[in-house]
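I opened this notebook to record what I looked up in one protein model. The entries follow the order in which I consulted the structure.

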Amino acid sequence: MDSKMHLQPWWLLPISLLLQLSNLKNWANAAPQVPCYFIFGDSLSDSGNNNNLKTLAKVNYRPYGIDFPKGPTGRFSNGRNVQDAIVELLGFEEYMPPFAKSERKNILQGVNYASGASGILDETGSLMGARVPMSIQIRNHETIIARIRKILRNDSSTEKLLRQCIYSIQIGSNDFVNNYFKPNFYNSSHGYSVSEFATMLVRQFAHQIKDLYKTGARIFALFGLGQLGCTPNAIATHGTNGSLCVTKLNDAAFLFNQRLIPLVMALNSKLTDAKFTYLNYSPMKVAQLSLESPCCKTGAGGNRELCIHYSKPCSNRKQYAFWDGVHPTDASNVLIAKNLYGTRSFSDARPFNIRSLARKSSDDQQRQIWVEVLVN
């Protein structure tokens, strides 16, 4: 008998062994769970895109970033925002760079396009000054795709990479608080009821999602709106009439979410080569943290909702849900991210939580590997 090991061709190996070999490859490169993560949104996700803009909606000053390793970076928090916390859970070693500071070497794992005061509608937030609305964020993403194509030197490789990334979109709050509910500055409330406005917003949002789909995006995490009427700034600005929160703002967020959820289900049905999920974003669900007041002394920004420059914040920041008048603390963001990543609650994530969404990317990547093997 020949003492040399007889090697079978791969196509004769049992499928179970092939899968084990594939899993071994994945284990050897355990992190991150997806190859790339692209972020679109407003100040809840912004990591510095507004720093050099002429706008009231920027926070590259103390006490912002007091608990962030790099200090004030433009994040609207004392530390991480919710997208940073999700990026950590997905296994990335670095946060996604803001588009304004994106460099050739670090864009392959994703980019953050989010901009404070921005909205689904181009005019939203204009009272605050310059900002990057969703339509321009998509255009910026097209610029990044062109750069990626140059790095990879291959259209096919670029397409394969982009279809495995998660596209996280958290936007829409400003379309209400910095547009519709400012009737002295914007005309939207004169032409639409709040229900009609929510419908129009989601329709516009659907067009933007499809524009991203056309660029090669296939895995989407779409955030619903939080309870807009329960932020310290909303309560101080509008009053509550004896309620816990500002009812009209919460009703508006509810109407938006009730239209976004069916859109997610419809997109999953119609665009069968893509995956979409709805995520229920709500700092109010962080019950163990104080919701009554912000951690820092507010008074800056267009709505006086931002921390006063170089003011001294509270010392027990891990006990507060809100950092300033609108934005959550690092502690709150981490708890929200952990819930959205692993929740089994259909009311918090439907039809997938973020961990499951990442697995969809991994499944697609694995299928692509075997397709290439079979073809070649």
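**Entry 1: the contact of α3 with α7**

I began with the residues that meet between two helices: Met134, Ser135, Ile138 and His141 in α3 contact Gln208, Asp211 and Leu212 in α7. Sorted by class, the residues of this contact are three nonpolar, three polar and one charged. I note that the model is a predicted one.

I then looked up the geometry of the pair. Two packed helices are described by the angle between their axes and the distance between the axes. For α3 and α7 (residues 194-214), I recorded an angle of about 0° and axes 11 Å apart. Since angles under 35 degrees count as roughly parallel, α3 and α7 are therefore roughly parallel to each other.

**Entry 2: the protein as a whole**

I recorded eleven helices and seven strands for the protein. Of its 376 residues, 53% are buried. Among contacts between residues at least 6 apart in sequence, 71% join residues at least 24 apart.

**Entry 3: helix α4**

Which residues of α4 are buried? In this helix, which spans residues 155-162, I found Thr158, Leu161 and Leu162. They lie on the same side of α4, because they cover an arc of only 90° around the axis. The general rule I kept in mind is that an α-helix has 3.6 residues a turn, so residues three or four places apart point the same way.

I next checked what this buried set packs against, and found β1 (37-41), α3 (134-152) and β2 (166-170). At the start of α4, I noted that a side-chain oxygen of asparagine 154 comes within 2.7 Å of the backbone nitrogen of serine 156.

**Entry 4: helix α2**

I looked up α2 (residues 82-89) and found it mostly covered, with six of its eight residues buried. These are Val82, Gln83, Asp84, Ala85, Ile86 and Val87. The N-terminal end of α2 is capped by asparagine 81, which has a side-chain oxygen 3.1 Å from the backbone nitrogen of glutamine 83. After α2 comes glycine 91, for which I recorded a positive phi, near 95°.

**Entry 5: isoleucine 354**

Is isoleucine 354 buried or exposed? This residue of α11 (residues 354-375) has a relative accessible area of 2% and is buried. Leaving out residues up to four places away in sequence, I found that isoleucine 354 touches Ile86, Leu90, Leu279, Leu340 and Tyr341. The C-alpha atoms of isoleucine 354 and leucine 90 are 8.6 Å apart, although 264 residues separate the two along the chain. Ile86, one of the residues touched by isoleucine 354, is also among the buried residues of α2.

How values were computed. Residues numbered from 1 in each chain as written. Predicted model: local features only at pLDDT ≥ 70, side-chain atom pairs only at ≥ 80, totals over all residues. Heavy atoms only, no water. Buried < 20%, exposed > 50% of the residue type's maximum accessible area, 1.4 Å probe, protein only. Helix = DSSP H or I, 4+ residues; strand = E, 2+ residues; numbered from the N terminus. Arc of directions from axis to C-beta. Contact = heavy atoms within 4.5 Å. Polar contact = N/O pair within 3.5 Å; in protein donor to acceptor, adjacent residues only side chain to side chain. Axes fitted to C-alpha atoms, helices over the stretch in contact; angles between N-to-C directions. Parallel < 35°, antiparallel > 145°, perpendicular 65-115°, else oblique. Nonpolar A, V, L, I, M, F, W, Y, C, P; charged D, E, K, R; others polar.
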